[in-house]
Amino acid sequence: MTGNQQGLALLLFGVFVAATLAITTWAGRRRHGSPEEFYAGGRLFSPMENGFAIAGDYMSAASFLGISGIIALFGYDGVLYCVGFFVAWLVVLLLVAELVRNCGRFTLADVLAARMGEPPVRIAAGVSSVTVCVLYLVAQMVGAGSLIALLIGETGPRARAWTVIGVGTLMVIFVALGGMRATTWIQIVKAVLLMAGAATLTALVLVRFHGDVDALLSAAARHSGHGRVLAPGLKYGGGWTARLDFISLGLALVLGTAGLPHILSRFYTVPTARAARRSVIWSIGLIGGFYLMTIVLGFGAAAVLGSDTVRSANPAGNTAVPLLALDLGGGAGSTGGTVLFATVAAVAFATILAVVAGITLASSASVAHDLYASLSRRATGTPRSEVAVARIAAVGIGAVAIGLGLLAQDLNVAFLVGLAFAVAASANLPVLLYSLFWRRFTTRGAVWAVYGGLLPAVVLVVLSPVVSGGPEAIFPGVDFHVFPLDNPGLVSVPLGFLAGWLGTVTSPQAAGASGSAAKHTEMEVRALTGAGAA
């Protein structure tokens, strides 16, 4: 791209950043300083608005950039991400949405504390939620670094590093000033832009091949470098280890969504449980349509650009969609290509900003509402002090995410999100399901379920090929990996459920579980009827 074309691209990009800052300023002026306003936007959003916001929160850089890139590089094996991310919403719809809305106020720990001993459960849930959020944030940082480096024509580590720092700074501003109200409206705007951008690119890909899907897939196979794109095994077919990794990833994706803190927190922004369920139905329609389009974009990138071009621009494939837009608009030397490229880049960056704002808000809520309130004797129920702690926590969490994002710049963003899903499925989902549906579940069982899933998941990631032992690892120069799978879900998810069961049956409460059963009955009535819900 020439200097003038880069200027146009950066101008379009800057317009969106300015618009999001304006939304944040507008929402910040309307805040009242209460936790309900900061964490849940006053619970004033309609099901349709919240459905768009959920879709905007969920359709992250992993979806728009990472999945399309994996499909462009590995064909059928990349489609698993689309299937896993989408099917996961059936678990949310059938088992989680309404019950969580009725039982909690702002965070996952509120649901658990409805029937458990508050301090130990809140601390465990807070630690788990912050860990999941930080892992998820790292993926968004990596996507932002790859995108802006490509936009300015400088793909070196220095440019990506400064981009990561810039994104981290913006996300802290969004959360600290605007809270949930600003975050929600940014996510709604982003969802509309992302759906429009993906639909436009999908239509252009289909027009390029005259609506002939067979011709599209044939071209993708020819230019893939493998000679095939619809047969499994290009990424997960190198033996039993790769196949087990495939199963592990699928398990994490399908079960992880119901344990993501920033998704659970969205159910508290509507006034009733019925509205929460209707929000999920809206989001399922939007998300399903979007993932169908990402499949077309992934195969379109392979067919139009070729896998070698995608890989040379970014080894993990994170820039496949912007490069596809550049080609579909007329090529690198054309104004149409520049405008389409810049528009897609701005939409992708909007995706990243909206998602990081939602994740940072959820993690700062866990720090202030769960950890601070449980650990500090001075936190005696002063709402403004809790909100102040949440804003400070946003700065600290942003700094941690920036640091980790700088280390993981060469990893695929969809893959990184898969790790966050594995930790959420291992630590948060078992304790949530046990609390909602198992009458004898105890406080010890809840604490053991969280740590029994969280610790193995994190340790197995550290000891996996993702961190060391290979050219694409975070630390390629050393090798201390002993766990053969990239994704720990196959081991850590069952361990989380097992630890929760073991903690319950060995708990002193289990011998005479009448108190636990009574609390479960009370919680069950609240979950199903909404009586006493916030």
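A salt bridge is a side-chain nitrogen of Lys or Arg within 4 Å of a carboxyl oxygen of Asp or Glu. Arg311 and Asp308 form such a pair, their closest N and O atoms being 3.9 Å apart, in what is a predicted model.

**Salt bridges**

The whole structure holds four salt bridges. Side chains of opposite charge can pair when their charged atoms come close. Three of these pairs, among them Arg311 and Asp308, are described here.

| Pair | N to O distance |
|---|---|
| Glu98 and Arg277 | 3.2 Å |
| Arg208 and Asp327 | 3.2 Å |
| Arg311 and Asp308 | 3.9 Å |

The side chains of Glu98 and Arg277 meet at 3.2 Å, N to O.

In the pair of Arg208 and Asp327, the N to O distance is 3.2 Å. Here the two parts tied together are 119 residues apart in sequence, because Arg208 lies in helix 8 (residues 157-208) and Asp327 in helix 14 (residues 320-328). Arg208 has a relative accessible area of 35% and is partly exposed; Asp327, at 28% relative accessibility, is also partly exposed.

Arg311 and Asp308 sit in one helix, helix 13 (residues 307-313), and because they are three residues apart, about one helical turn separates them. Are the two residues buried or exposed? Arg311 counts as partly exposed at 32% relative accessibility, whereas Asp308 counts as exposed at 59%, since exposed means over 50%.

**Cysteines**

A disulfide is a covalent bond between the sulfur atoms of two cysteines. How many disulfides does a search of the whole structure find? The search finds zero. Cys82 is buried, with 4% relative accessibility. Cys103 is buried too, at 2% relative accessibility.

**A buried serine**

Ser435 is located in helix 17 (residues 413-437). Its relative accessibility is 0%, so Ser435 counts as buried. Apart from neighbours within four places in sequence, Ser435 is in contact with Leu112, Arg115, Met116, Phe441, His520 and Met523.

**Cavities and pockets**

Rolling a probe the size of a water molecule over the atoms shows where empty space is left. The structure has three cavities of 30 Å³ or more. The largest cavity contains about 40 Å³ of space. Its lining is made up of Phe106, Thr107, Leu108, Pro261, Ser265, Ala362, Ala365 and Ser366. By class, five of these lining residues are nonpolar, three are polar and none is charged. Which helix gives the most to this lining? Helix 15 (residues 335-375) does, with three residues.

The second largest pocket has a volume of about 370 Å³. Two or more of its lining residues come from each of helix 7 (118-151), helix 16 (383-407), helix 17 and helix 18 (443-462). The largest share, four residues, is from helix 18. In total, 17 residues line this pocket, and those nearest its centre are Leu135, Leu404, Val461, Val467 and Ile474. The lining has 16 nonpolar residues, one polar residue and no charged residues.

Terms used: Residues are numbered from 1 along each chain as its sequence is written. This is a predicted model: local features need pLDDT of at least 70, side-chain atom pairs count only at pLDDT 80 or more; totals for chains, interfaces and linings use all residues. Side-chain values use heavy atoms; hydrogens and water are left out. On a 1 Å grid over the protein atoms alone, a cavity is a set of points where a 1.4 Å probe fits but cannot get out, and a pocket is an open set with protein on both sides within 12 Å along at least five of seven lines; lining residues have an atom within 4 Å of a point. Grid points are joined across faces, edges and corners, and a volume is the space filled by probe spheres set on the points. Ala, Val, Leu, Ile, Met, Phe, Trp, Tyr, Cys and Pro count as nonpolar, Asp, Glu, Lys and Arg as charged, and the others, Gly among them, as polar. Buried means under 20% relative accessible area, exposed over 50%, partly exposed in between (1.4 Å probe, protein chains only). Contact means heavy atoms within 4.5 Å. A disulfide is a pair of cysteine sulfur atoms within 2.5 Å.
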